[in-house]
Amino acid sequence: KDAASALSETWAAKTRSLRELCAKPVAQVQALRSAAAKCEIGERELDAALRFLHEAGAILLHAGGDGGMAEGRVFMQPQWIVDALSYVVREADAKNVNDDLRAMDVKIREETMYGGALDNLLTKGVLSGSLLRECLWGLPVFTSGERKFENNCHKELIELLEDFKLLRSVGKDRFLVPAMLPEGDLPPGYDISQSWVPEASNGALQKYRRRFRMQALPGAFFSQLLLSWSIGGVDVPGQTVQ
């Protein structure tokens with residue numbers, strides 16, 4: 001019994017670093033490899049396990065800047081990413097959100113300096129980095145009082161959302177949120193629904209005539225094209241990004 005207890009304590013000590021990393025919402029692959037090596041788990045075994053868990057949907061393996069695994073990171077709790085996104089992509093009308101979001105909106109407007117920044121997100125789809133860090137991801141807490149999104153995870157979350165085309169940088173510490181762009185009728189004269197047909201485009205103020213001929217379009221091609229056009233209208237007087 002003493003030998004088994006000692007062995008258990010030894011194994012617990014050896015695996016402590018790895019267990020602590022796995023308990024975090026996001027961890028670097030290199031840090032996981034180092035911790036796994038202390039448990040006599042090689043890189044090939046660890047990488048195979050991470051790929052399996054990624055394909056099973058249990059974790060999200062996010063490759064590094066060079067597309068390689070070595071510089072990548074692992075999001076241990078995919079639901080945590082969805083929760084973070086839910087504070088950014090949401091209904092603009094307070095009547096259509098849950099009580100937690102409604103209470104947070106009130107707190108931002110009454111107790112912080114970011115009321116105007118919140119309105120910019122809800123009405124224009126333009127997100128301030130300060131609003132994101134200080135309020136949208138800074139205020140939410142668990143029932144235990146612990147913050148849901150710690151400061152040291154914000155950078156990784158932003159990079160992930162940018163890679164997924166859910167955020168687009170439009171300047172220093174500012175982002176465009178495509179899903180939050182306002183909807184509405186175009187002003188008179190801007191209806192270009194027929195301008196793809198040359199003979200019907202004379203009345204349009206702007207004409208877009210492009211012919212693409214290829215076997216397949218890249219993923220999200222048109223959404224990225226429209227987003228690129230929209231970015232030119234941010235902060236331009238008299239222009240509405242829609």
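Which helix lies across strand 4 and strand 6, and at about what angle to strand 4 is it running?

1. On the basis of the note: this is a predicted model, in which local features need pLDDT of at least 70 and side-chain atom pairs count only at pLDDT 80 or more, while totals for chains, interfaces and linings use all residues. Residues are numbered from 1 along each chain as its sequence is written, and side-chain values use heavy atoms, with hydrogens and water left out.

2. On the opening question: helix 7 lies across the two strands, and its direction makes an angle of about 65° with strand 4. Axes here are lines fitted to C-alpha atoms, for helices over the stretch in contact, with angles from 0 to 180 degrees between N-to-C directions; helices (H or I, at least four residues) and strands (E, at least two) are DSSP runs, numbered from the N terminus.

3. On the sheet: it is open, has 3 strands in the order 4-6-5, and its pairing is antiparallel, where two strands pair if DSSP finds at least two bridges between them. Strand 4 (126-128) and strand 5 (168-169) are the edge strands, each pairing on one side only. Strands 4 and 6 are joined over 3 bridges, and Val126 has Leu176 of strand 6 opposite.

4. On Phe175: this residue belongs to strand 6 (residues 174-176) and is buried, at a relative accessible area of 7% (buried means under 20%, exposed over 50%, partly exposed in between, with a 1.4 Å probe and protein chains only).

5. On the cysteines: the count of disulfides, meaning pairs of cysteine sulfur atoms within 2.5 Å, is 0. For Cys22, the closest cysteine sulfur is that of Cys39, at 9.1 Å, which is too far for a bond. Cys22 is partly exposed, with a relative accessible area of 39%, whereas Cys135 is buried, at 2%.

Definitions and conventions: Contact = heavy atoms within 4.5 Å.
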